[in-house]
Every structure is written in structure tokens, then in C-alpha cells.
Amino acid sequence: MDLLNTLVDKGLRRELPTREEALAVLATSDDDLLEVVAAAGKVRRQWFGRRVKLNYLVNLKSGLCPEDCSYCSQRLGSKAEILKYTWLKPDEASKAAAAGVAGGAKRVCLVASGRGPTDRDVDRVSETIEAIKERHEGVEVCACLGLLSDGQADRLRSAGADAYNHNLNTSEGTYGDITTTHTYADRVETVQQAQAAGLSACSGLIAGMGESDADLVDVVFSLRKLDPDSVPVNFLIPFEGTPLAKEWNLTPQRCLRILAMVRFLCPDVEVRLAGGREVHLRSMQPLALHLVNSIFLGDYLTSEGQAGQADLDMIADAGFEVEGAGTTTLPAHRAQAGGGCGSHDGGCAPCGDAPTEAASEPSGIPAARTDLVAVRRRGAGTDLAPNA
């Protein structure tokens, strides 16, 4: 297929595909799916070999968020029966992180619900970072605390944080449809604050919220412009009790096409398969390892993932290997430059006009698998052992 040959060549040269090419990936048929995966896999192996980076989430504060993000089980007004608790103490969070590190995680992601941290919250998280670093000297720590105020990113960096996560989630044009309590521009500003403080930026998206192909391409082009080092791709977990509980729009095949599109647009970036992979990819998860080079180990913030050992078995059975602590994740040209897409075209092309929407998804979406959405009842905030 000429399209795939062109995209592989561009990916190996770190050249940005066109919007039309990105849309064409999403419009490919199921008959061509394995060719799409194989082509994007060539780009993935060029920059990351067969390594898979493991990340582990620690939910520092769960539920009761004042924001109204429609996709979130912790949102204002959520009726999802999730765990709700206030801040974990630093030693509790460090103990939770230790389980992930013991399971092979190279990065610990510290997440707290809320609009953004107070200065006291930053103190709490700083103490937690220091406790984790004291116990695990080589582990990376990423904070995800919401919108940042002036100086907070610098304080987190001084405390030892390596990265900061704040996702764009969806396209700028549709952002107001899923959240009204803050803006798309607020999110962009927080990512830029993290970068200015010297933190590695982590910013990604959520697919499956009813968006169009054009929306998906828009948000990934916006991410290219922001230049994060890692791009997590989440697939909506439709929690009962949230406004998007009935949004079951994804098939395993569509998920793979989305991941391939992200890899072609971000060839040398850490692309992370994040929340919802067990729900929507199901038995096709191993194929996704040919597209992404990073996954979360075990459970998520408010939902359960598959067993940590199952993750490790899946990686080994698919012919991949867990990335070791002594290995630099990013390719040398990115690591030496301090991150960024590093594309030969000098960054991202201007956004230009909105693309024409791609062909609609083939019919035959299977019935909703609500049985696969399991609320987390173990790990941080409970007396039960974590899944790692």
C-alpha cells in the first residue's frame, strides 16, 4: 500500500505526515489492519527496538473533584461507586509505589484529583517524591495534579520530579463539549509551564468519547505542536454514573488504527498505551505492543487492570522485553536535546484548515462489554495488596 510505504519512510526520517495521510490511516479497512500494524511497527522498532517501558500509577487522592470532565469517574456529580479518600501520607504513597517498582515499573506516576494543587498540596507531593526517591534512587517520578499555578512546576522539579502529566484529551474544537469548568487553553498552559521548569512533558488523549476522525487527528497535531516526550493514549472507560457511560464506540480494530496513527505522527516519542486497553483491545492487546513502547502495569486510578503478571507474560509472549532502569527511553537525538519531537521539518506545521472527515467506521460494533469495567477496590487507599 503506497500510503503505508510513505508513512514508514516519513517515520524513519522523523518527518511529519500530512493531515490527509493521518486521516487515511483511520479510514483503512479491517482487511488492511495487519499491514497497518506492521508498517507502524517498523517505525516503533526503529526508535525503540522491542523495549516496553512499564509505568505504575499511585492515586494520591481519589474522588470528589470539583471539575466536570464528562469522561471522569471522579468528576463533580459523579455517581460512579469508586474509592474516595483524601491525601495519602508520603510513607503510604511510597509503599504503594514500591509494589510497582518491584513489578518492573521504571516510572511512578503520582496522581491526585482536583482542579489543581494548592501550595500545601505541592508540599505534600514533594515530600512523597522525596520518600520514593530515597527508597528507589533510579526510579522516574511523574506528577499529575491538574492545572499548575506560577512556580509550582519549579517546586516539583526541585523536589525531584522528572516529569509532569496533563493531557489535552480531545481536540480544541470539541473540548467545551466534555468540560466547562476549565478550558483547553488552561491545559496547554500547564504543559508549557512544566516544560519551562525543565520537567519532561507528558500529554495525551482519550479516544472513544464520540469524537470524529478529524478530532483525533486534530488533537495529535496539537500534541506535536506542544512537543511532549510521552503521549499516553487512553480509551474511554464508560463508567456507570458518568455522562459518557453509554459511549461504547470502540472496537479492537479501531483502537489499533488510532495507535498506529499516533505512532506515525509521533515516531520517536514515547507512546504509552494507557487506560481502557483491557476493556477495548481485549485479546488483541499484544498487537498494540507493535505500536506503543510503554504501558501501565496493573491497575489504573479508579478501575482495575489485568493482573500485573499477565502484563509481563503478554510482553514476553509477544517477543518484547521490559525496559531496564539503566536504559534511556527516548532516542539519543531527543534525550540530548532535552526532549521534543525533533522532526526534520523544524517542529509542527501550522494547523491550517480543518481536514475533511474520513470515511465512517465500518458497522458491526459489538455490544457494550460493561462486564469488563471493574472499579478498583485494592491498592492505594485500601487495606488490600496492590496489583503489580
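Tutor: The structure holds 21 salt bridges, a salt bridge being a side-chain nitrogen of Lys or Arg within 4 Å of a carboxyl oxygen of Asp or Glu. This is a predicted model, in which local features need pLDDT of at least 70 and side-chain atom pairs count only at pLDDT 80 or more, while totals for chains, interfaces and linings use all residues. Residues are numbered from 1 along each chain as its sequence is written, and side-chain values use heavy atoms, with hydrogens and water left out.

Student: What makes the meeting of glutamate 140 and lysine 53 a salt bridge?

Tutor: Their side chains come to 2.8 Å, N to O, and because the limit is 4 Å, the pair qualifies. Glutamate 140 belongs to strand β3 and lysine 53 to strand β1, so the pair ties together parts that are 87 residues apart in sequence; strands here are DSSP runs of E with at least two residues, and helices are runs of H or I with at least four, numbered from the N terminus.

Student: Why is α1 called roughly parallel to α3?

Tutor: Helix α1 (residues 2-13) packs against helix α3 (residues 33-48) at an angle of about 10 degrees, and their axes are 9 Å apart. Angles under 35 degrees count as roughly parallel, so α1 is roughly parallel to α3.

Student: Which residues of α1 and α3 meet?

Tutor: With contact meaning heavy atoms within 4.5 Å, Leu4, Leu7, Val8, Gly11 and Leu12 in α1 meet residues of α3 including Val36, Ala39, Val43 and Trp47. By class, this contact of α1 with α3 has eight nonpolar, two polar and two charged residues.

Student: What lines the largest cavity?

Tutor: Lining residues have an atom within 4 Å of a point, and the largest cavity has 42 of them, with Tyr71, Cys72, Val111, Asn167 and Leu301 nearest its centre. They divide into 23 nonpolar, 15 polar and four charged.

Student: Which strand gives the largest share of the lining of the second largest cavity?

Tutor: Strand β1 (residues 51-61) does, with four residues, in a cavity that has a volume of about 110 Å³ and is lined by 13 residues.

Key: On a 1 Å grid over the protein atoms alone, a cavity is a set of points where a 1.4 Å probe fits but cannot get out, and a pocket is an open set with protein on both sides within 12 Å along at least five of seven lines; lining residues have an atom within 4 Å of a point. Ala, Val, Leu, Ile, Met, Phe, Trp, Tyr, Cys and Pro count as nonpolar, Asp, Glu, Lys and Arg as charged, and the others, Gly among them, as polar. Grid points are joined across faces, edges and corners, and a volume is the space filled by probe spheres set on the points. Axes are lines fitted to C-alpha atoms, for helices over the stretch in contact, and angles run from 0 to 180 degrees between N-to-C directions. Angles under 35 degrees count as roughly parallel, over 145 as roughly antiparallel, 65 to 115 as roughly perpendicular and the rest as oblique.
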